[in-house]
Amino acid sequence: MKPVIDHADFSFHALSPELIFDSLLSIGIRIDSGLTALNSYENRVYQFHDEDRIRYVAKFYRPCRWSNEQIIEEHQFTKQLVDAEIPAVAPLTINNTTLHEHEGYRFSLFPSVGGRQYEVDNLEQMESVAMLLGRIHQLGAKKPFLHRPTIGLEQYLYQPQEIILSCHFIPQKVQSDLKTILAQLIKTVEHYWHNDWQPIRLHADCHAGNILWRDGATFVDFDDARNGPAIQDLWMLLYGNQQEQRLQLDMLIEMYQEFFDFDSQQLRLIEPLRAMRMIHHLAWVIARWQDPAFPIAFPWITDEDFWRQQLSEFKQQIEAIKAPSIKLMSIM
């Protein structure tokens, strides 16, 4: 495998349909249909049929984001899940590898898996997902990722804070308040953040959009997989008010614990993790702004009204972190 081009200006601008065709042909796959772009901002993902009418998904990785070792480590994790008969989508092995390169772009090929989106308010589906997450974490706890990062304050707070505060398109009228309130939110997270949890391999972006349902749940898109606390893969499945979330948590944890013990002390991490996701997401959009897909997808991020609403949400999140953490009904 040739070295990946590794400089800041290298992006997706040269990833033409012709280059995609040539990339897949280099591993023996001949496209016999059009390319259907799937919903992905971080990478470029396309669905197509080959000449045998087999449907595939090709994923072209964003340059300079993950190292080869980190990508392969994700692939190994999903392959272990599949081998354990846990429904996840793993890349195909072609020419003895799952990671390929052509003209500086790294890519992988996946089977195309159909299904509808997981329904967050469907209790039957929630039970199934909870049991599968227990199985995923049971396997994920056997050893940590060696090359992928662990969820922590540096990557989710401090680095994003620098990106946000150096952004040139945040309206001047809100810059002073943003600096102050963002600092208050980060200080609050610091105070309530604890590292007394077992780091395990996680999906780490386990929201409804990454779960397909067809006679059962299938987990997709492990691109953000990393080490972290188990609660990270559970809290994004919750919805509604605190009472509703408490009932959902009770059911989730009951089914989850059939396969993996849950540390109830991690419940206090939910609101700090929510704040970290809020800050990290904002910084991610700002950092990717030169990608033409981002101004189209997130045009509101330059509006003063958006930032004033964001300040209000930051203030609310500070109070949410300070409030007593959600409790399981079974341990009240």
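These questions and answers cover the sheets and helix packing of a predicted model.

Residues are numbered from 1 along each chain as its sequence is written, and side-chain values use heavy atoms, with hydrogens and water left out. In this predicted model, local features need pLDDT of at least 70 and side-chain atom pairs count only at pLDDT 80 or more, while totals for chains, interfaces and linings use all residues.

Student: What is the mean pLDDT of the protein?
Tutor: pLDDT is the predictor's confidence in each residue, from 0 to 100. Of the residues, 96% reach 70 or more. Over residues 1-9 the pLDDT is below 50. The mean for the protein is 93.

Student: In what order do the 5 strands of the open sheet stand?
Tutor: Helices (H or I, at least four residues) and strands (E, at least two) are DSSP runs, numbered from the N terminus. Two strands pair if DSSP finds at least two bridges between them. β1 and β4 (100-102) each have a single partner strand, so they stand at the edges. The pairing is antiparallel, and the order is β1-β2-β3-β5-β4.

Student: How many residues lie between β1 and β2 in their hairpin?
Tutor: Strand β1 (residues 36-37) pairs with β2 (residues 44-49) in the antiparallel sense over 2 bridges. T36 stands opposite Q47 in β2. The hairpin has 6 residues between the two strands.

Student: Which residue in the turn between β2 and β3 has a positive phi?
Tutor: β2 and β3 (residues 55-60) pair in the antiparallel sense over 6 bridges. V45 stands opposite K59 in β3. The hairpin has 5 residues between the strands, and the positive phi, about 65 degrees, belongs to R53.

Student: At what angle to β5 does α1 run?
Tutor: Axes are lines fitted to C-alpha atoms, for helices over the stretch in contact, and angles run from 0 to 180 degrees between N-to-C directions. Contact means heavy atoms within 4.5 Å. Helix α1 (residues 17-25) lies across β2, β3, β4 and β5 (105-111). The angle to β5 is about 70 degrees.

Student: Which helix packs on the sheet of β6, β8 and β9?
Tutor: This open sheet has 3 strands in the order β6-β8-β9, with antiparallel pairing. Its edge strands are β6 (116-117) and β9 (217-219). The helix touches β6, β8 and β9, and its direction makes about 40 degrees with that of β9. The helix is α3 (residues 123-140).

Student: Are α4 and α7 roughly parallel, roughly antiparallel, roughly perpendicular or oblique?
Tutor: Angles under 35 degrees count as roughly parallel, over 145 as roughly antiparallel, 65 to 115 as roughly perpendicular and the rest as oblique. α4 (residues 153-165) and α7 (residues 270-287) pack at about 45 degrees, with axes 8 Å apart. The pair is therefore oblique.

Student: How many nonpolar residues does the contact of α4 with α7 hold?
Tutor: Ala, Val, Leu, Ile, Met, Phe, Trp, Tyr, Cys and Pro count as nonpolar, Asp, Glu, Lys and Arg as charged, and the others, Gly among them, as polar. On the α4 side the residues include L157 and I163; on the α7 side they include M276 and L282. The contact has 2 polar residues, no charged ones and, as nonpolar, 12.

Student: What is the handedness of the crossing of α2 past α3?
Tutor: A crossing is left-handed if the near helix is turned anticlockwise from the far one by less than a right angle, and right-handed if clockwise. α2 (residues 68-83) and α3 pack at about 120 degrees, with axes 11 Å apart. F77, Q80 and L81 in α2 meet I136, L139 and G140 in α3. The crossing is right-handed.
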